Amino acid sequence: MSSHNNTSSANDPRQPSAARRYVAPLVSPQDLPVDYAGFIAVVFGVAGVMFRYKLCSWLAIIFCAQSLANMRNMENDLKQISMASMFAIMGLVTNYLGPARPSPQTKS
């Protein structure tokens, strides 16, 4: 069975009167860690538009969602996420709805 009984609360060395609530320290926006998911989303978004890679555009959408879920600084991160999502959506639209790529001509 258990070796604890109801008398253990009387022998508790902690002092409830000394307990204080945790207050998170204020951090300036310049000191926040880098949002790697947002940066990767921008890189994949630009690659999806420039090189017309569907996979890059889809990966940019996924990294945009991850960056949006982990957003810390509302103003700066929202600008980066909106730019990355615009590149990703632009890449998807041009890949799926744009003109077809010219096929390579083989010499006969």
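Helices (H or I, at least four residues) and strands (E, at least two) are DSSP runs, numbered from the N terminus. I looked up Asp-35 and found it in the segment before H1. This is a predicted model, where local features need pLDDT of at least 70, side-chain atom pairs count only at pLDDT 80 or more, and totals for chains, interfaces and linings use all residues. Residues are numbered from 1 along each chain as its sequence is written, and side-chain values use heavy atoms, with hydrogens and water left out.

Is Asp-35 buried or exposed? I get 17% relative accessibility for Asp-35, so I count it as buried (under 20% relative accessible area; exposed is over 50%, partly exposed in between; 1.4 Å probe, protein chains only). Leaving aside neighbours within four places in sequence, I see Asp-35 in contact with Ser-67, Asp-77 and Gln-80 (heavy atoms within 4.5 Å).

Next, H2. I checked its length: the 16 residues (54-69) should span 22 Å at 1.5 Å a residue (1.5 Å times one less than the number of residues), and the end C-alpha atoms are 23 Å apart, which agrees.

I list Cys-56, Ser-57, Ala-60, Cys-64 and Ser-67 as the buried residues of H2. Down the axis they fall within an arc of 95°, so they line one face of the helix (arc of the directions from the helix axis to the C-beta atoms). They pack against H1 (36-51) and H3 (74-97). On the other side of H2, I find Leu-55, Ile-62 and Ala-69 exposed.

Last, the cysteines. Cys-56 has a relative accessible area of 13%, and Cys-64 is at 6%. My search of the whole structure finds 0 disulfides (pairs of cysteine sulfur atoms within 2.5 Å).
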